Structure formats: C-alpha cells, structure tokens
Amino acid sequence: MADELEELLGFLSSPSPQVKKAALDIVRGLTGSDGGIETLATCSDFVLPPLCRLLRDIPELAVPAAEALINLSQNPTLAEKLVSLRAVDTAMEVIYKQGGSDGRLSKLLVMLLVNLTQLDSGISSLLQVGDDNIEGLHLSKLVRSFCRSSSSDATEGTYEHVASIIVNVSKMEAGRRILLQPKGSLLKQIIRQSDSENPLRKKGVLGTIRNCCFDADRQLQNLFMLSEFLWPALLLPVAGKKSYSEQDTAKMPLELANALSHEREPVDDPEIRKQALEALYLIALQDAGRSALWSVNGPRILQLGYEDEEDPKVMEAYELIGSLVVSNAGSEEQLDSMTE
C-alpha cells in the first residue's frame, strides 16, 4: 500500500498535465477525511513539496493543490513542515504575482495562510522576522488588500479571511509591534474596517485591536495616535441602541457624538462586544488610559450599554471595566485571569 501511494505521489511531478491532474484529484480527495490526511502524513516528504510546486502551475492544477494544502495544514505537524518548506513565501508570491488575476486561487491561499499563522513559526515567516529590510512587508501587502476590498468590491470575498490572519499575527509580540508602528500605520488601516457589515471582517478587526491592547503599558501613545478611529471602534459596539441626550454627547468627540445622537442597529455578535470591552479594560488599566476614557465620556457609554445588554458573559465584561473605572484595585489579578 505504501509503495502504491508513493507511486501515486510521484505522478504529482509528472511532465504530463493530464497525469498530474489525475493524481492531484486523488490526493485532494484523500485530504477530505481525517483518515486520508493521516495516511498522507506518513509520506509527507513525497506529498508536500510537489503540492507546493503545483501552486505555481496553471490554475487547473494550482486550485486543487491549494485545496489539498488547506486540508493538510489543519494537521499541526504537517503545517510545521509546510512552514519549513517556505509555503508562506510561496503563497504570498502566487497571490501577488500569479494569483492576482484568479480570485479563486488567491482566496484559497489566504485561507492556507490562516492555517499556517496559527503556528508561531508561521507567524514569524509571514512577518519575515529577522530580516530588517523586509520585515512586515508580507503583512503590509495583506492589510492593504484587506482594506482596499469592500462589500461593494468583487475582491471583498477574496481577502475577507485576512481578518483571521491579522488576529493570529497580533497574538505574537513581534506582530503587535509591527501593527502598532506609527510608520505605515497598519493598525490605523485595519481599525477603519471596524464598521464593516461583514461579520468576519468586523470580528477580526476587534480581535486584533483587543490583542494589540495587551501592550497598552508600552504602546499607549501609539494607540492614542489612532484615537479618532479607536474610540468609535471600541465604544460604539458596546453603546447599546438608545439615542443619547445632548447632555451626554456634548462631552464626546464628534465621531462618537454624531453616531450616538440617534438610534442604531445593535452589534448582534456578543463576541465582538466582549472583545471591545476587554480592549477598553486593557487600556483603562493604565492611568492615562482611564483619563482618556473619561475624556470621551466613556463611563456614560458603558453605563447605557450595560442597561441594554442581555448576554451574561458580556455583562461580566461590562462589570469588570465598570469596577476598574471607579477603582483600579485588583487590576493585576483581573489581567491575569483574562490571559489564562
């Protein structure tokens, strides 16, 4: 059986496109089940390199190769091997040199990057850590594509999964550092997507902001440079749906006051509301962060938002930051519990 499988995998490197396609269809079929992935994992040295090479081939071969790699990369051991084979660089090269004209292939390769950046090694590879000349270049390209595409754009679906990549990247300190660098201002570009109607995008943006706020003790000034976009991104999802009084909005910057002066559609996803509250909590752990929150009438927004909240876990998040705004006693202990 092993010999037959190795013979099949050998056909992935055949000079004949028809033979490659036939072998590829069988391999892709095998990756559709856990048992098939386990079987292919036993001979990964024969399957992963040719599949990576096929990404650069004609679309009829590149697309099924990408589909197979997405399935295989759900296995952490195989994902690590793909990173070591420079699959991240290959995917980026194909997206921006060959796949640009094929949205289907680009979307699949973005999904492959989502899987690979669940590993620290995959994040480091995407960030190009260790090469100062190009560090962050891959990430900049993905963020630019993510932000340029919109719900009215045919490429919107192609790059929507970049939302998950930036969340993954922001879990690593090096990723947060690159996102928060004033030069290039990647987080500023990302935050402006917070009002997207696409739930995947919106959740990715809020998750990224929340992760970046874990560095608020060192990066507060860089975060505040984005305050025009940061406060609406974090406070509007947790402001409830009521129309605010002139007395309340008079104490807010225009970007908040205008939005809150009339009734709004609530943010349905409780996870988004919870992430926004956790980000606000991390900012408010800093004295300057609490002062800034008071300066935009944040406590009043939290008070009215809490009145509309029904989800128990989100209510807990409101109560956590509410107690901090009044008193910062025990804040270190609460931070530990959030990171567990």
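**View 1. The negative surface patch of D3, E4, E6 and E7.** In this predicted model, D3, E4, E6 and E7 form a negative surface patch, a term for residues with over 30% relative accessible area and no salt bridge, in which like charges are joined within 9 Å. A salt bridge is a side-chain nitrogen of Lys or Arg within 4 Å of a carboxyl oxygen of Asp or Glu. E6 lies in helix 1 (residues 2-10), helices being DSSP runs (H or I) of at least four residues, numbered from the N terminus. E6 is partly exposed because its relative accessible area is 33%, where buried means under 20%, exposed over 50% and partly exposed in between, computed with a 1.4 Å probe and protein chains only.

**View 2. Helix 8 (residues 103-116).** Ten of the 14 residues of helix 8 are buried, and the helix is thus mostly covered; among the buried residues are L105, S106, L108 and N115. Its end C-alpha atoms are 20 Å apart, which agrees with the 20 Å that its 14 residues should span at 1.5 Å a residue, the expected span being 1.5 Å times one less than the number of residues.

**View 3. Q128 and N297, two residues with positive phi.** Q128, which is not a glycine, has a phi near 60° and sits in the loop between helix 9 (120-127) and helix 10 (137-148); Q128 counts as buried because its relative accessibility is 10%. N297, also not a glycine, has a positive phi of about 65° and is found in the loop between helix 21 (287-295) and helix 22 (298-308), where N297 is buried, with a relative accessible area of 11%.

Residues are numbered from 1 along each chain as its sequence is written, and side-chain values use heavy atoms, with hydrogens and water left out. Local features need pLDDT of at least 70, and side-chain atom pairs count only at pLDDT 80 or more, whereas totals for chains, interfaces and linings use all residues.

How values were computed. Patches are made of residues with over 30% relative accessible area and no salt bridge: like charges are joined within 9 Å, nonpolar side chains (Val, Leu, Ile, Met, Phe, Trp, Tyr) within 5 Å. Accessible areas come from the Shrake-Rupley method with a 1.4 Å probe; for residues, only the protein chains shown count as cover. Lys and Arg count as positive and Asp and Glu as negative; His and the chain ends are not counted. The place of a charge is taken as NZ of Lys, CZ of Arg, CG of Asp or CD of Glu. Helices (H or I, at least four residues) and strands (E, at least two) are DSSP runs, numbered from the N terminus.
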